[in-house]
Amino acid sequence: RLVKPAANAQKRICSHFHGLTGQFRVMPDESQADFDELLERLIKEEAPADQAEAEFVQKLAEALWLGSRAIRLQDGCIVALETGDKEAKQAARKDLALYLRYQTTHERTVSRCLTELRKCRNERRRVERGFESQKLRQAQDTRKQEAHTIRQAVEQRKQERHELSLSLVQAKLERKQQRTTPETAPLQAAA
């Protein structure tokens, strides 16, 4: 497909004229400080945690700025439609349709950026929760193991007490048998 150099030059002029396409930049009639304030406010609100989220916040600020620019350009077209001559009105209608399309494009970009930011945050939270749940599970397992060890120690002490109790009973029985055996021994010898 052949592209005419004149057509490329016209596209470059149009993109520089309204600044709604191509690489983002603040136009001379706009305030860089206002854009920086918007960006800082979004960074503060969205609090990006990593580089990917920071890039989405940057794109979000640019899309919001470009959407506002498209609306300002539409306002100019509406004024031309109300006050201009026939030729100006025709050009204004054409430009108004173009600026509406750009506004819609930038609104979609805002929506996409917000969606991607939300996905990044949800993924990060899911991973953090995963680590937290693993830590909780490990702590729970440790507590169960400690409780099991304590139960075993208690059971072992009960067993030892029982054995000591049996030994004591057996010793008492033997002692009793020793006491009764000398008395019964002469009786058995006499018989």
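User: How do you know that E40 is found in helix α2?

Analyst: Helix α2 covers residues 32–46, and E40 falls in that range. The helix label is a DSSP run (H or I, at least four residues; a strand is E, at least two), numbered from the N terminus. Before we go on: this is a predicted model, where local features need pLDDT of at least 70 and side-chain atom pairs count only at pLDDT 80 or more, while totals for chains, interfaces and linings use all residues. Residues are numbered from 1 along each chain as its sequence is written, and side-chain values use heavy atoms, with hydrogens and water left out.

User: Why is E40 called exposed?

Analyst: The relative accessible area of E40 is 51%. Exposed means over 50%, buried under 20%, and partly exposed in between (1.4 Å probe, protein chains only). So E40 goes in the exposed class.

User: And what makes the surface patch with D34, D36, E37 and E40 negative?

Analyst: Those four residues form the patch, and Asp and Glu count as negative (Lys and Arg as positive; His and the chain ends are not counted). A patch takes residues with over 30% relative accessible area and no salt bridge, joining like charges within 9 Å and nonpolar side chains (Val, Leu, Ile, Met, Phe, Trp, Tyr) within 5 Å. Each charge is placed at NZ of Lys, CZ of Arg, CG of Asp or CD of Glu.

User: What makes A47 partly exposed?

Analyst: Its relative accessible area is 48%, so A47 takes the in-between label. A47 sits in the loop between α2 and α3 (51–83). Its backbone deserves a look too: phi is positive, about 45 degrees, although A47 is not a glycine.

User: Which secondary structure does the protein chain have?

Analyst: Four helices and zero strands, giving α-α-α-α when you read along the sequence.

User: How much of the protein chain is buried?

Analyst: Buried residues make up 19% of its 191 residues. The accessible surface comes to about 15,100 Å², and carbon and sulfur atoms own 54% of that. Those areas come from the Shrake-Rupley method with a 1.4 Å probe; for residues, only the protein chains shown count as cover.

User: Why is A92 called buried?

Analyst: A92 is at 5% relative accessibility, so it gets the buried label. It lies in helix α4 (residues 86–190). Leaving aside neighbours within four places in sequence, A92 is in contact (heavy atoms within 4.5 Å) with C77, A80 and L81. As for L73, its C-alpha is 10.0 Å from that of A92, at a separation of 19 residues along the chain.

User: What makes F56 buried?

Analyst: F56 has a relative accessible area of 18%, so it counts as buried. F56 belongs to helix α3. Not counting residues up to four places away in sequence, F56 touches C113, E116, L117 and C120.

User: What ties R124 to E53?

Analyst: Another salt bridge, with the closest N and O atoms 2.3 Å apart. R124 is in helix α4 and E53 in helix α3, so the bridge ties together parts that are 71 residues apart in sequence. R124 counts as partly exposed at 25%, whereas E53 is buried at 1%.

User: How many salt bridges does the structure hold?

Analyst: Seven. One of them joins E30 and R69, whose closest N and O atoms are 2.7 Å apart. E30 lies in the loop between α1 (5–18) and α2, and R69 in helix α3, so this pair ties together parts 39 residues apart in sequence. Both E30 and R69 are buried. Salt bridges that share partners join E30, R69 and R72 into one network.

Key. Salt bridge = Lys/Arg side-chain N within 4 Å of Asp/Glu carboxyl O.
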